[in-house]
Amino acid sequence: MSTARTVFVIAGLTLQEAVRRRVLRAIVVMTVVLLTLSAWGFYRLDAEFGTFTTGEARIAASTVLNLVMFGLSLIAALGTAFLAGPTMAGEIESGIALAVMTRPVRRAAVLLGKWLGLVVFGSGFVVVAGLGQLVIVRATVGYWPPHPATGLALLAAQTTVLLTLGLLLSTVISPMASGIVAVGLFGATWIAGVVGMVGEAFGNPGVAQVGTVSRMLLPTDGLWRGAMHSFQHPGLAQFPAFEDSPFLSMSPLTATYLGWSALWVALALGLAGLAFQRRDL
Amino acid sequence: MTTDHTARPAAGTALDVADHLLATLPPASAVWCSGLRKRYRRQTAVDDVSFTVARGEVLGLLGPNGAGKTSVIKILLGLVRPDAGEVLLLGRPGTDPQARRRVGYLPELFRYQPWLTAAEVLDLHVRLAGAAVPDAERRDCLALVGLADRAGDRVGGFSKGMQQRLGLAVALVARPELVVLDEPTSALDPLGRADVRDLLLSLKTRQVAVLLNSHLIGEVERVCDRVVILDKGRVAAAGTLPELLGQRELRLRLDGVGAPAEARLAAAGRLTRDGDGYTVALPADPDPTTVPDLVADLVALGVRVHAVEPGHISLEERLLDILRTGSSEEHR
């Protein structure tokens, strides 16, 4: 059987698993709760602060939108990390992998199929839930972000980075541990990013470096900042006071950083492939 | 130009001849492995294991717990990387995934995607094997293992026994030429065990090679053509059942045995005596006339015959004997 067919068969199987397992229901429930709360919040924002100028209202909407998007990206991160972990390590532990891996398939093809299935699932979630959120904001406060497609694509890329990490971890450690470590690293990078911003604000290059280095080691936070930049109102750049907000980003992503993120994913996937290839099942 | 024109047909003929030669060769063994070794940290699991399973042959893999049977099977199927040794499956190197195109496997630890139905599990394996198996044949395969009426049920709700039956169907669905069964009856009731035995016999008649690892020696004895006994990771003994079980014996209860009668008994085979009980060791495949002739001669010599009982050394006795004495070279 050709390698490409194996990849697609396993990708399809992974999507089927995601849809049929409880994790999807949990994600849907969390998302609906978050979207409902945000709809109510934006509606109140508009009603209570009717005295805002248009500019002020947009800035408020931008900030709150980014905050809610962060919540969404967190759901996507938790969901995919806890899907990606069990999917490899759990199948190896339970024995499900034994029957599959003795078919005429390459291990790398099975891994790539899992990855592809998870990427489609994670990106699909981010796009559907993110678009829902944008529509809610538009309907309640009349704000529409400048680059919605880029923003959603970057959120999907962030999810992809995290699930690739989850997959890499799951080829070497137990399913639960891989989910926890992936989400922990995701949180740590975000905090390191905030620490870096504080460093920049106080003109401390040493502390600012923390954010830069962590953004290189795990590109989730960098991509998240790029996504925020695409969602927020372009006029915000004129207000240096907002520079320190963890939910606003003053500069767009560079092509180099995007290139690095793609390379990071390829490297992590390659490493996962090597670890999986050498592993005794 | 001219050389080109003349060379081509010549090369074509040579290739045709080679193809013809290859086509007329007997098919490669179902399994060929040589010098397999595997260490897990400080524990040697498999130590210089070599054996062959011929096409259409049923080979039993026997041995105590921790003898390395499952490790050997996993090495053959590419699940575990050996530290040394070579594997050929159906004539292809074991490192090539295509070697497993016509191989079916029921693992000792059998688990299938709980979110799929039984029929979907079979569909998945048919697709992964790249085989063209019509729907009706897949259903027949489920029916063969007694799961026809559970085809649409999720595997998550299956009992262990049902999952093992599904595992058998998975091993058989892609028209295998080699089936590897690791403890195929561990979760089955007596009825299920009988079903598996019938299944093995039907595979044998269809010339499908089977590598069977089982604790149930009776099962192995009934269906296997040959047996490999592993102990502490090494091949302790290997051979066909008659080779391994060796001689048969004849137990007699006699009285009035004179010297000529005793000489006649000794002529039939090695004789041991315990009171009025006499035991004669016979060759593995005795002539059908040996026993009646012996009895007729004894009666003619005035011996009174109370009982004549053909003895058969069971595989279980032989296995215990081999494992206890730990003799290896002698039985190879």
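**View 1. Four strands of chain B form an open sheet.** The model shown here is predicted. The strand order in chain B is 12-13-11-14, and the pairing is antiparallel. Strand 12 (271-274) and strand 14 (304-311) of chain B are the edge strands. Each of these two pairs on one side only. From one strand to the next, the twist averages 20 degrees.

**View 2. Strand 12 of chain B meets strand 13 (residues 277-282) of chain B.** The two strands run antiparallel. Four bridges join them. One residue pair can be picked out here: B:Arg273 has B:Tyr278, in strand 13 of chain B, as its bridge partner. In general, strands of a sheet pair through backbone hydrogen bonds, either parallel or antiparallel.

**View 3. Helix 10 (residues 290-300) of chain B lies across strands of chain B.** The strands concerned are strand 11 (248-255), strand 13 and strand 14 of chain B. Helix 10 of chain B runs at about 165 degrees to strand 14 of chain B.

**View 4. The domain assignment divides chain B into domain 1 and domain 2.** Domain 1 of chain B is given as 31-243. Domain 2 of chain B is given as 247-312. The C-alpha centres of the two domains lie 44 Å apart.

**View 5. Helix 3 (residues 118-129) of chain B crosses helix 4 (residues 135-144) of chain B.** Two packed helices are described by the angle between their axes and the distance between the axes. Here the axes come within 11 Å and cross at roughly 120 degrees. Helix 3 of chain B and helix 4 of chain B are therefore oblique to each other. The crossing is right-handed. Helix 3 of chain B brings B:Ala118, B:Ala119, B:Leu122 and B:Val126 to the contact. Helix 4 of chain B brings B:Arg138, B:Cys141 and B:Leu142. Six residues of this contact are nonpolar, none is polar and one is charged.

**View 6. Chain B touches chain A.** Chain B puts 24 residues into the contact, and chain A puts in 21 residues. On the side of chain B, strand 6 (103-106) and helix 3 of chain B are the elements that give two or more residues. Helix 3 of chain B gives the most, with five residues. The side of chain B that touches chain A holds 15 nonpolar, four polar and five charged residues.

Methods:
Residues numbered from 1 in each chain as written. Chains lettered and ligands numbered in written order. Predicted model: local features only at pLDDT ≥ 70, side-chain atom pairs only at ≥ 80, totals over all residues. Domains from an automatic or database assignment. Axes fitted to C-alpha atoms, helices over the stretch in contact; angles between N-to-C directions. Parallel < 35°, antiparallel > 145°, perpendicular 65-115°, else oblique. Left-handed = near helix turned anticlockwise from the far one by under 90°. Contact = placed C-beta atoms within 7 Å. Nonpolar A, V, L, I, M, F, W, Y, C, P; charged D, E, K, R; others polar. Pairing = 2+ DSSP bridges.
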